[in-house]
Amino acid sequence: MRNPWFAQSEPADEPGIRLFCLPYAGGNASAYRTWRDLAPEHVRVHPLELPGRGTRWNETPVSRMPLVTGMLADVLAGHLDRPYALFGHSMGGLIAFELARTLRERGLPQPAHLFVSGSAAPDVPRTRRPIHAAPDAEVIEELRFLGGTPPELLADAALMELVLPALRADFCLLETYEYRALAPLTVPLTVFGGQADPLVASAQLHLWLRQARDRSRLVILPGEHFFLHSAVRDVLATVTDALAGAASPVPAHAVGSSPSSF
């Protein structure tokens, strides 16, 4: 039976490094639909689908960070036997960070690299007013302000009725998030930002660098908040360079056998 958490396919026993990708608020695993074709062969891209989003739209959305990261840790626990990395954009960046912490607390293998994109540092207080319990019109207006959602979709009342529960869950996850002051992670950290991002200021990105004790760096790319799409090749090039040398070799038992399919 297909595992619904893996939008494209569950990780197979094959050489390379597994890159688990987490979506932004209002998005789903399809945000990374082109990554598998664009990434080099040794980077195995695995977009993760959260309950209530994308292909799991008929499930109850999860709206609290500890529950989301706990569920993700349960799902990924059996797939951390090979090198892996975490990538998340906006809300997904915060989830990726807390997921790495949850995996550490459980004594599970840590990622070879953590990539956080378009997200303010976790200890920066939110300044926008809570929206998850607001009237539908205000939630839609917030989406319009954030960008990333085509205007024709925002104007489709029937579609909005279907997706609003997941949108509210995403806003709730962000708005109820409580940062815990814990020891910095001991994994390399790359933080991406958009040069013209109106939502995340440069200072909010720089503060991420104190969350990791190992190598950390800030990469600013052209684009606004959704530079994840407009500068996707630059993002993937940086990810690929950072993961060079982290991929696992072909396992001995696989020599002479045909490669697994995705």
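At 18% relative accessibility, Glu175 counts as buried, because the cut-off for a buried residue is under 20% relative accessible area. The model is a predicted one. Glu175 is found in helix α6. Leaving aside residues up to four places away in sequence, the contacts of Glu175 are with Arg126, Arg129, Pro130, Ile131 and His132.

Helix α6, which spans residues 157-175, also takes part in the packing of two other helices, α3 and α4.

Take α3 to begin with. This helix runs over residues 91-105 and has 15 residues. From its first C-alpha to its last it reaches 21 Å, close to the 21 Å expected at 1.5 Å a residue. Helix α3 is mostly covered, with 13 of its 15 residues buried. After the helix comes Gly107, which has a positive phi, near 75 degrees.

How do α3 and α6 lie relative to one another, and what is the angle at which they pack? Two packed helices are described by the angle between their axes and by the distance between those axes. For α3 and α6 the angle is about 55 degrees, and the axes are 11 Å apart. On the α3 side, the contact is made by Met91, Leu94 and Ile95; on the α6 side, by Asp170, Leu173 and Leu174. The crossing in which α3 passes α6 is left-handed.

Helix α4 covers residues 136-146, and its buried residues are Val139, Ile140, Glu142 and Leu143. These residues lie on the same side of α4, because they cover an arc of only 155 degrees around the axis. An α-helix has 3.6 residues a turn, so residues three or four places apart point the same way. The partners against which the buried residues of α4 pack are α5 (151-154) and α6 (157-175).

Is Arg233 buried or exposed? Its relative accessible area is 62%, and Arg233 is therefore exposed, the cut-off being over 50%. Arg233 and Trp35 are 198 residues apart in sequence. In space, the distance between Arg233 and Trp35 is 9.0 Å, C-alpha to C-alpha.

Methods:
Residues are numbered from 1 along each chain as its sequence is written. This is a predicted model: local features need pLDDT of at least 70, side-chain atom pairs count only at pLDDT 80 or more; totals for chains, interfaces and linings use all residues. Side-chain values use heavy atoms; hydrogens and water are left out. Buried means under 20% relative accessible area, exposed over 50%, partly exposed in between (1.4 Å probe, protein chains only). Helices (H or I, at least four residues) and strands (E, at least two) are DSSP runs, numbered from the N terminus. The arc is that of the directions from the helix axis to the C-beta atoms. Contact means heavy atoms within 4.5 Å. The expected span of a helix is 1.5 Å times one less than its number of residues. Axes are lines fitted to C-alpha atoms, for helices over the stretch in contact, and angles run from 0 to 180 degrees between N-to-C directions. A crossing is left-handed if the near helix is turned anticlockwise from the far one by less than a right angle, and right-handed if clockwise.
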